[in-house]
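Subject: Structure for you to look at

Hello,

Here is the structure we talked about, with the sequence alongside. Please open it first, then read the notes below with the model on your screen.

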Amino acid sequence: MKYLFIIIYFLLLIPVGCSNSFNTENEIKGIQEVADFYGGQCQSFIGIKASSGDETERHIELVLSESEGLESYKKHPDYAAGNIAYRLFNNLKGEEENYDTIKSTLLFKDKTKRTFDYSVEELKLIRNKLTVLTSIIELIKTKDYFGIDKFLHEESIPEDQKIKMYKDFDEIESEWGKLKDFTLYGFKMETVDGYNVLKCMGVMSRAKKDLKFSVNIDMKISEDRIHFLGYGYFL
């Protein structure tokens with residue numbers, strides 16, 4: 001099969017700002033958010049991949065390089081790639097319909113290059129699933145464990161495990177203070193124990209210390225269920 005690749009534009013971002021006549025205002029916000037989060041340089045491409053038939057694929061690609069923040073993801077680049085694609089996607093207000101795919105390319109300091117593709121339809125589902133994560137964080141903040149129960153998958157998190165988990169939550173709050181905020185650091189889609197899940201990792205900012213936190217969310221459209229949540233990263 002023969003492919004034609006058309007690169008429509010190239011954009012180099014410096015860490016402190018960005019501007020290009022080919023980008024919409026919302027795309028610029030998303031690109032700048034990525035640059036602010038990781039540091040380094042972020043290049044942006046828009047491309048069309050056309051086959052010998054009638055099908056075409058439109059994509060926007062972000063290429064992140066010279067980033068100190070990126071280096072810690074070298075063993076698990078898919079988490080950073082997902083975060084990059086989503087931060088761009090989440091700033092779009094209709095422009096996502098201009099693309100079929102958002103690509104994240106990571107260039108590490110040793111010249112290792114990794115590229116990950118996310119369809120717009122996947123990112124729409126991920127945005128929906130991340131509302132579950134937002135709800136869980138708010139319920140932990142208010143210690144509404146009954147509310148959390150409604151999200152937990154009974155086979156993945158049985159009753160005895162829930163009791164221990166809530167006890168751990170209370171002990172952590174007692175030691176490290178009130179939960180102030182949560183920052184998503186990345187995610188990847190994976191099959192765990194037979195379930196297709198969105199594995200999310202991030203940092204809970206508490207009054208005395210920032211703590212790593214992980215959540216596995218069922219990827220079924222009809223399921224807003226949690227298969228795992230707890231402190232630490234389980235990559």
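**Aromatic rings**

One aromatic cluster is formed by Tyr145, Tyr166, Phe169, Phe182, Phe213 and Tyr231. Before going further, note that this is a predicted model.

The number of aromatic pairs comes to twelve. One of them joins Tyr145 and Phe169, with 6.3 Å from centre to centre and 55 degrees between the planes, and this pair is tilted. The pair links distant parts of the chain, since Tyr145 belongs to helix α5 (residues 145-149) and Phe169 to helix α6, 24 residues apart. Are these two residues, Tyr145 and Phe169, buried or exposed? Both Tyr145 and Phe169 are buried.

Arg87 lies over the face of Phe37, 3.9 Å from the ring centre. Over the ring of Trp176 sits the charged end of Lys209, at 4.7 Å from the centre of that ring.

**The largest pocket**

The largest pocket holds about 350 Å³ of space. It is lined by 18 residues, and those closest to its centre are Leu130, Leu133, Thr134, Phe182 and Leu184. Phe182 is also a member of the aromatic cluster described above.

Which elements each supply at least two residues of this lining? They are α3 (77-89), α4 (120-141) and β6 (179-192). Helix α4 gives the most, with seven residues. By residue type, the lining of the largest pocket divides into six nonpolar, six polar and six charged.

**The second largest pocket**

The volume of the second largest pocket is about 160 Å³. Among the residues that line the second largest pocket are Ile157, Gln161, Lys164, Met165, Asp168, Phe169 and Tyr231. Of these, Phe169 and Tyr231 also take part in the aromatic cluster. Others in the lining include Ile172, Phe228, Leu229, Gly230 and Phe234.

Both α6 (159-176) and β9 (226-231) supply at least two residues of the lining. The largest share, six residues, comes from α6. The lining of the second largest pocket divides into eight nonpolar, two polar and two charged residues.

**Helix α1 and what follows**

Which residues of α1 are buried? They are Asn26, Glu27, Gly30, Ile31, Gln32, Val34, Ala35 and Tyr38.

Gly39 follows α1 and has a positive phi, near 75 degrees. Gly39 lies in the loop between α1 and β2 (41-51). With a relative accessible area of 22%, Gly39 is partly exposed. Gly39 and Ser65 are 26 residues apart in sequence, while their C-alpha atoms are 8.7 Å apart in space.

Gln41 is in strand β2. Its relative accessibility is 24%, so Gln41 counts as partly exposed. Gln41 and Glu66 are 25 residues apart along the chain, and 6.0 Å separates their C-alpha atoms.

Most residues other than glycine have a negative phi.

Lys111 is a residue other than glycine with a positive phi, near 80 degrees. Where is Lys111? Lys111 lies in the loop between β4 (101-107) and β5 (113-119). Lys111 counts as exposed because its relative accessibility is 73%.

Asp193, also not a glycine, has a positive phi near 55 degrees. Its place is in the loop between β6 and β7 (195-206). At 72% relative accessibility, Asp193 counts as exposed.

Regards

Terms used. Residues are numbered from 1 along each chain as its sequence is written. This is a predicted model: local features need pLDDT of at least 70, side-chain atom pairs count only at pLDDT 80 or more; totals for chains, interfaces and linings use all residues. Side-chain values use heavy atoms; hydrogens and water are left out. On a 1 Å grid over the protein atoms alone, a cavity is a set of points where a 1.4 Å probe fits but cannot get out, and a pocket is an open set with protein on both sides within 12 Å along at least five of seven lines; lining residues have an atom within 4 Å of a point. Grid points are joined across faces, edges and corners, and a volume is the space filled by probe spheres set on the points. Helices (H or I, at least four residues) and strands (E, at least two) are DSSP runs, numbered from the N terminus. Ala, Val, Leu, Ile, Met, Phe, Trp, Tyr, Cys and Pro count as nonpolar, Asp, Glu, Lys and Arg as charged, and the others, Gly among them, as polar. Rings of Phe, Tyr and Trp (its six-membered ring) pair if their centres lie within 6.5 Å; planes under 30 degrees apart count as stacked, over 60 as edge-to-face and the rest as tilted. Buried means under 20% relative accessible area, exposed over 50%, partly exposed in between (1.4 Å probe, protein chains only). A charge sits over a ring if NZ of Lys or CZ of Arg is within 6 Å of the ring centre and within 35 degrees of the ring normal.
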